[in-house]
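This briefing sets out the architecture of one protein chain for a reader who has the coordinates at hand. Please consult the sequence and the structure shown here alongside the text.

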Amino acid sequence: MRIFRCMILSALNAKAFKYLVLRSKATVKPLQMVRTRGLETRIDGATPKEGGFLLYLKAAEDGVSAGDCPFAHSVRMVLYEKGLDYDLFPTVQDTKPTWLVEHYEGKLPALRHRKECYVESDVIMQYLDYFFPKPEMTASRALKGKTNEAVDGFFPAVAQYLKHTPDGDDDDVELKFNVESALERLEDHLSAVEGDFLCGDQFTLQDCAMAPKLYHMKTGIQAFKNGSIDVKAKFPNVNRYMDKVFGRSSFIDALYPEDVIVWGWGNARK
């Protein structure tokens, strides 16, 4: 009877998480739901247990230390916020595990948890918050919706601006305007929110997703665009928010040096 109940709970938990993720994404294919492709068959109990986390992520120039991926940074922040121990595996193309390349298209970051694997940072973070809910990091639907609208398009605008050469031409001016417009939306959102974070007083998955992107923006604009956007002067709420999240222990514990970011974007600008 106990085994039968365990099987029922396992099925219910898997269905519940699948429903949660499907609600947050438009299609099933990129979600990379629970799979055993290339891994052992899962025979664990009703719910995932702590321990056994392996995080594969882009390596830095030396091939062995953590690289500049902001999405992996976000996942690591969630792991630290929840006090979940994990092993870090920075990889280059030649050192990716065979099962990751053959069954998960070699996508990074990839979180292996015992006999399961997830790719796509949003899905990984939702998985961690769903099965390890302390502290809870999912905001209410209303607050999450408003936040998503405020940050929509931010990182693509930053990426296009940082990658563009030559600096200072007409296209560069337009791309800079796009970043400033995205910052203005974020500024307005933060001015309307009661609390220090994107969804108010609660530190959420959205903050973990946004903080590394702001770190890249700040570092990249200083390194490649001669500090062309003065966030402190033009966007004071954004600046206060950056100070707050950059000082959080989970952000610092997952941090990589600024020169790693410069190396990464420098390659993208070639």
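The points below proceed from the overall composition to the sheet, the cores, the helix packing and selected residues.

The structure is a predicted model. Its protein chain contains 12 helices and four strands. Of the 270 residues of the chain, 47% count as buried. Among contacts between residues at least 6 apart in sequence, 76% join residues at least 24 apart.

- The four strands form an open sheet in the order 2-1-3-4, and the pairing is mixed.
- Strand 1 and strand 3 run antiparallel and are joined by four bridges; L55 has L111 in strand 3 as its bridge partner.
- Strand 3 (residues 110-113) also pairs with strand 4 in the antiparallel sense, over four bridges.
- Within that pairing, V119 in strand 4 is the bridge partner of A110, and Y118 in strand 4 is the bridge partner of L111.
- The hairpin of strand 3 and strand 4 has two residues between the strands, and R114 takes a positive phi near 55° there.
- Strand 3 is covered on both faces: A110 and R112 are buried on one side, and L111 and H113 are buried on the other.

**Nonpolar cores**

- The largest nonpolar core has 56 residues, and those with the most contacts inside it are L128, F154, L183, L214, M217 and V238.
- At least two residues of this core are supplied by each of strand 1 (53-58), helix 2 (70-81), helix 4, helix 6 (154-163), helix 7 (170-192), helix 8 (205-224), helix 10 and helix 12 (258-268).
- Helix 8 provides the largest share of this core, with 10 residues.
- Another core, of seven residues, lies apart from it and includes Y56, Y104, C117 and V119.

**Helix 4**

- Nine of the 11 residues of helix 4 (residues 121-131) are buried, so this helix is largely enclosed by the rest of the structure.
- The buried residues of helix 4 are S121, V123, I124, M125, Q126, Y127, L128, D129 and F131.
- One of these, L128, is among the residues with the most contacts inside the largest nonpolar core.

**Packing of helix 8 and helix 10**

- Helix 8 and helix 10 pack at an angle of about 110°, and their axes are 10 Å apart.
- The two helices, helix 8 and helix 10, are therefore roughly perpendicular to each other, since an angle from 65 to 115 degrees counts as such.
- On the helix 8 side, the contact involves D207, M210, A211, L214, Y215, M217 and K218; on the helix 10 side, it involves V238, Y241, M242, V245 and F246.
- The residues of this contact divide into 10 nonpolar, no polar and two charged.

**Selected residues**

- F154 is found in helix 6 and counts as buried at 2% relative accessibility.
- Beyond its neighbours within four places in sequence, F154 is in contact with A182, L183, M210, K213, L214 and M217.
- F154 and L214 lie 60 residues apart in sequence, with a C-alpha to C-alpha distance of 9.2 Å.
- L183 touches F154, M217, I229, V231, F235 and V238, not counting residues up to four places away in sequence.
- N239 is found in helix 10 (residues 236-246). With a relative accessible area of 18%, N239 is buried, because the cut-off for that class is under 20%.
- Not counting residues up to four places away in sequence, N239 touches V231 and K232.

Key:
Residues are numbered from 1 along each chain as its sequence is written. This is a predicted model: local features need pLDDT of at least 70, side-chain atom pairs count only at pLDDT 80 or more; totals for chains, interfaces and linings use all residues. Side-chain values use heavy atoms; hydrogens and water are left out. Buried means under 20% relative accessible area, exposed over 50%, partly exposed in between (1.4 Å probe, protein chains only). Contact means heavy atoms within 4.5 Å. A nonpolar core is a set of buried Ala, Val, Leu, Ile, Met, Phe, Trp, Tyr and Cys residues joined through side-chain atoms within 4.5 Å. Axes are lines fitted to C-alpha atoms, for helices over the stretch in contact, and angles run from 0 to 180 degrees between N-to-C directions. Angles under 35 degrees count as roughly parallel, over 145 as roughly antiparallel, 65 to 115 as roughly perpendicular and the rest as oblique. Ala, Val, Leu, Ile, Met, Phe, Trp, Tyr, Cys and Pro count as nonpolar, Asp, Glu, Lys and Arg as charged, and the others, Gly among them, as polar. Two strands pair if DSSP finds at least two bridges between them.
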